Amino acid sequence: MPPAADIGTMYRITPGGALRGAIDVPPDKSISHRAMMFGAVADGTSRIWNFLESEDCQATRDAVSALGATVERIGPGDYAVTGASLQAPGRPIDCGNAGTGMRLLAGLLAGQGVDATLVGDESLMQRPMRRIADPLGRMGADVQTAKTGCPPLVIGAGATLRPTVHQLEVASAQVKSALLLAALGTSGLTKVTEPARSRDHTERLLPAFGVSLTVENLTIRLRGPQGLKACDVRVPADPSSAAFFVVAATLCPGSDLTIRNVGMNPTRIGFLDVLEAMGADIARGPLSHVGNEPVCDLRVRCAALKGIDVPSTWVARTIDEFPILFIAAAGAAGMTRVRGARELRVKETDRLAAMAAGLKTLGIRTALYDDGIDIDGGEFGAGTVTSAGDHRIAMSFAAAGAVASGPVAVLDTANVATSFPGFSRLARDVGWRVEDV
């Protein structure tokens with residue numbers, strides 16, 4: 001059985017203690033979603049090793065099962081997925097908290113011509129979906145949202161999709177991937193161009209499943225129709241999950257922590273560039289590969305940080321790590337400025353507003369902007385903050401608590417199970433004093 005979620009609905013963090021040892025963080029969430037979906041429509045049986053058994057990814061696993069794929073759990077993180085011609089499920093598909101799951105499924109189902117309704121938890125039902133529905137509609141797909149532009153997403157069968165040239169206004173791996181998956185069901189050449197490079201797991205993984213596409217600078221070209229062929233996938237450790245331990249070890253005096261086999265996909269490690277520019281002591285081990293993804297060990301030791309202006313060109317490949325980077329900025333000397341990050345407003349919560357509110361509670365001065373934030377580094381005070389139902393905010397403020405002047409409580413932490421089951425247990429294993437309450 002998958003590991004149990006951490007017990008309790010809040011964290012109590014006691015400051016002090018160094019982070020020491022060598023650990024493995026959970027498998028990559030983005031790749032786990034994609035491997036399960038691609039296996040579900042591939043010809044044959046795919047084997048997925050090190051699949052992330054978090055709530056988000058298990059929602060995707062259950063979704064493809066409901067659509068007709070055969071999913072067998074061989075052991076922890078080990079799955080055999082036999083593809084099928086997907087069928088209308090006869091009931092709404094619950095994507096849980098997974099925006100990636102919902103948006104990629106919408107593109108996949110549109111391309112496969114399957115009737116389905118996609119719903120999610122309270123948070124996901126408030127997230128914008130016209131960014132998916134509108135470009136899919138321009139391809140001829142029948143994809144409807146609620147009047148608010150939020151879920152449910154209703155995908156209708158029978159539409160004839162046409163190849164389309166897409167010029168995305170915002171760099172988004174979810175939108176890009178949905179369009180590429182829909183393009184598999186068209187007759188002709190689809191082109192997708194981004195304003196900046198977003199994570200490229202879809203472009204890396206589709207060829208492993210036998211799909212022909214080309215990538216040139218910021219443009220991806222895919223000529224449909226194409227089918228997928230089964231393959232074996234090994235999922236590396238998630239750099240987004242590693243980021244919480246990297247920052248905590250950087251801030252906590254005396255820390256010396258190794259995180260093994262972390263994914264080093266260039267579109268995912270902007271947070272390392274930010275931290276190293278701030279003065280972090282992060283040693284990257286020799287590169288190897290897990291499947292088609294580069295990995296290495298990271299050795300992190302405590303270091304004094306300084307504030308920086310984060311280059312706008314780093315934002316797209318750092319977007320999910322900004323909550324924990326805001327904690328690093330708050331613990332640095334001087335001012336850190338971030339702009340061009342309006343996408344943080346439409347994540348699981350408004351991450352700019354929620355992080356600013358929590359930092360203020362802990363005594364850190366900030367200035368909030370529509371697309372960014374200024375953070376004036378200082379000393380964290382004791383206090384109680386809320387995650388606002390967001391897993392990344394919950395784990396970020398746990399890092400703040402490790403170096404605060406007194407205990408910090410983080411409310412609403414059950415959501416951490418969506419991406420990092422066992423977070424608090426692993427934290428305690430290396431000396432990070434996080435207690436489940």
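This is a predicted model: local features need pLDDT of at least 70, side-chain atom pairs count only at pLDDT 80 or more; totals for chains, interfaces and linings use all residues.
How do we look for empty space in a protein? Rolling a probe the size of a water molecule over the atoms shows where such space is left.

Start with the largest pocket.

Now look at the helices around the largest pocket. Helix 1 (29-41), helix 3 (99-112), helix 5 (173-183) and helix 11 (391-402) each give two or more residues to the lining. Which of them gives the most? Helix 1 does, with 4 residues.

What kinds of residue form the lining of the largest pocket? Charged residues number 16. Another 11 are nonpolar, and 10 are polar.

Move on to the second largest pocket. Begin tracing its lining at Arg131, Asp134, Pro135 and Arg138. Then go to His166, Gln167, Leu168, Glu169 and Val170. Ser172 and Val175 also line this pocket.

Two elements stand out here. Helix 4 (130-138) and strand 11 (165-167) each supply at least two residues of this lining. Helix 4 has the largest share, with 4 residues.

How does the lining of the second largest pocket divide by class? It has 4 nonpolar, 3 polar and 4 charged residues.

How values were computed
Residues are numbered from 1 along each chain as its sequence is written. Side-chain values use heavy atoms; hydrogens and water are left out. Ala, Val, Leu, Ile, Met, Phe, Trp, Tyr, Cys and Pro count as nonpolar, Asp, Glu, Lys and Arg as charged, and the others, Gly among them, as polar. On a 1 Å grid over the protein atoms alone, a cavity is a set of points where a 1.4 Å probe fits but cannot get out, and a pocket is an open set with protein on both sides within 12 Å along at least five of seven lines; lining residues have an atom within 4 Å of a point.
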